[in-house]
Amino acid sequence: MENQENKKSIQDKLATIKYNCDSKSHLVVDQKKCAKCKEKTCTQICPAKVYELDENLNEIVVQYENCLECGACRIACPKNAISWEYPSSGCGVVFKNN
Amino acid sequence: MDIKFNADVIVVGAGPSGVAAALSVARVGKKVILVERAQYPGSKNMYGGAVYTTALKEVFGEDFDKFKYERVINTHTWSFLNETGSFEMTYKNNEATCAYAIKRFQLESQMIEIVKKHGVYYIPNTLVKNLIQENGSVVGIQTEQEKYYAPITILADGVNSLLAKELNLRNDYQTKDMILSVKEAIKLDKKTIEERFNLKDDLSNGVNKQYFGSDFGKLKQYKNLFMMTFLYTFKDTLMLGVGVNLADLSRNKLNINEILDEVKLHPDIAPLVKNGQTIEYSAHLIPEGGYKKIPKLTSNGVIIAGDAAGFVNGVHFEGTNFALISGKLAGESALVALENNDYSQNTLSIYMKKLEKSFILKDLYSYRNVIENLYSRSDSLSKYYPKKIKELFEIITCANCVSKSKQIREYFFSYFKDRKITELFKDIFAASKCALDVFFGK
């Protein structure tokens, strides 16, 4: 329940941010490593909730469009399964008020 | 191959350290290219809310007066939060001008305008994919569009510095070396902010509040949760954010936004942000590995500065000053190499000597164990002492018709009875170690 509440809170906050959306994902996860990962730290640590577990497919869904480019997932991933790059030139998050 | 250089120096990243590096090179008439992946200045950057003016002056010299700010930050409060309230200390110097609250878009825009006037060739909207190496030396950058060559490249590409990693100048960071910080920019009208924070209406004063403690609301249940909460007053915006160690977040299976939302409900914070509208949410990592995690700072044809080098003093919320000055020193070191026509690691290592002479490596050295020590006692700092502070002030302020001597004696002995006595000694040991390290530091 609490998780749902936080998800809603994050969605509301993400709505305040401007993005220049990239055409392809700058975040790529290695689903094979993820399938073996018990912690699924990415789904919990990301301040923008970019990573979600699709329980039917047992796969991590990556909503890279919401990424704040902080880099937390890359360091926290226990399996080193996230290939993390910057979005293409000029793409990604555009902070204007921080 | 004979390389045709496009510039004397390439700087990757147009944040404070990159801009400072580029400026110090351009000042003597050398050709410098400053590359930035963002389309708009400052739009990838995030900080708590203050740039330090001593460093800004040192880097920008006579151009310093051109900087427009939203407020001068000259009131500082340190507050220990408990369940029902807080204990707060305030230091106010109405005439101090040590720190400016400036939004990053404004700060970087102004900095870039100035350095362009000094001849820096600014290339925004350009992501550097790789460094170009030749005979064991970095000789340029490969962007998404094209290649640029220069005998020296300065990496000021921020905390995630993928380029430093590519060169194997540092190992991958561990979660315990990183703080994840999120903040909200909360819009209120100017007058409301001035009334709530007791500020003058001419923008000549503003507040930075730092809050300690996680023993309230939902956060009570989490162990080893050392967090710092901060608030800065801008002109008509408040910046409210938290910083938490990545390892603590992972271990507690916590999302940092839950913490920020909980902070906003605290009885001493909620009234400050009441009726405010969140106009932006942002996140950033802060490198806190300190002295022990400093990467290799130079290699053939390359120098690292700012967050990319892990130059931050988290205890005192200092980052922009480390970035600005390390950038300046990186630029000056590049000049020495250019003069000698020798871009080897050997010549560039003058950067290390310059850093050692400055406050940067001195402070990082003196504080090398402090963060670690604080974390090792995180439950004491975040839960136990905020509670004890509350108990003490209840005795002093509650007029509860019980003998003061009796209460004070009980209070004193409670330090030995509340917990295992070893906990108290560990706290004293950690605190003394921090204090001695800093006192006998460099």
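Reader: Where does Gly306(B) lie?
Author: In this predicted model, Gly306(B) sits in the loop between strand E18 (302-304) and H9 of chain B.

Reader: Why is Gly306(B) called buried?
Author: The cut-off for buried is under 20% relative accessible area. Gly306(B) has 0% relative accessibility, and therefore counts as buried.

Reader: What is Gly306(B) in contact with, leaving aside its neighbours within four places in sequence?
Author: Its partners are Ser17(B), Phe311(B), Ala323(B) and Ser326(B).

Reader: What makes helix H1 (residues 16-26) of chain B largely enclosed?
Author: Eleven of the eleven residues of this helix are buried, so the helix is largely enclosed by the rest of the structure. Among the buried residues are Pro16(B), Ser17(B), Leu23(B) and Val25(B).

Reader: Which elements do the buried residues of H1(B) pack against?
Author: They pack against strand E1 (9-12), strand E2 (32-35), strand E11 (152-155), helix H2 (53-60), helix H3 (104-117) and H9 of chain B.

Reader: Is Ser333(B) buried or exposed, and how do you know?
Author: The relative accessible area of Ser333(B) is 0%, so the residue is buried. Ser333(B) belongs to helix H9 of chain B.

Reader: What else is Ser333(B) in contact with, leaving aside its neighbours within four places in sequence?
Author: The partners of Ser333(B) are Ile303(B), Leu348(B), Ile350(B), Tyr351(B) and Lys354(B).

Reader: Which residues touch the most other members of the largest nonpolar core?
Author: Phe60(B) and Phe311(B) do, in a core of 73 residues. Helix H9 (residues 320-340) of chain B gives the largest share of this core, nine residues. Apart from this core lies another, of 65 residues, which includes Cys73(A), Cys77(A), Phe95(A) and Val207(B).

Reader: What does Phe311(B) touch, not counting residues up to four places away in sequence?
Author: Among the residues touched by Phe311(B) are Ile294(B), Leu297(B), Gly306(B), Phe322(B), Tyr351(B) and Leu364(B).

Reader: What makes the pair Lys13(A) and Asp261(B) a salt bridge?
Author: The side chains meet at 2.7 Å, N to O, and a salt bridge requires a Lys or Arg nitrogen within 4 Å of an Asp or Glu carboxyl oxygen, so the pair qualifies. Between chain A and chain B the count is seven salt bridges.

Reader: Which element gives the largest share of the side of chain A that touches chain B?
Author: H1(A) does, with seven residues. That side divides into 18 nonpolar, 13 polar and eight charged residues.

Reader: How many residues are in contact between chain A and chain B, and what area is buried between them?
Author: On chain A 39 residues are in contact with 55 residues of chain B. The two chains bury about 3900 Å² between them, 49% of it on carbon and sulfur atoms. In chain A, Lys13(A), Tyr86(A) and Asn98(A) lose the most area to chain B, together 20% of what that side buries.

Note on methods:
Residues numbered from 1 in each chain as written. Chains lettered and ligands numbered in written order. Predicted model: local features only at pLDDT ≥ 70, side-chain atom pairs only at ≥ 80, totals over all residues. Heavy atoms only, no water. Core = buried A, V, L, I, M, F, W, Y, C linked by side-chain atoms within 4.5 Å. Buried < 20%, exposed > 50% of the residue type's maximum accessible area, 1.4 Å probe, protein only. Helix = DSSP H or I, 4+ residues; strand = E, 2+ residues; numbered from the N terminus. Contact = heavy atoms within 4.5 Å. Buried area = accessible area lost by both parts, 1.4 Å probe. Nonpolar A, V, L, I, M, F, W, Y, C, P; charged D, E, K, R; others polar.
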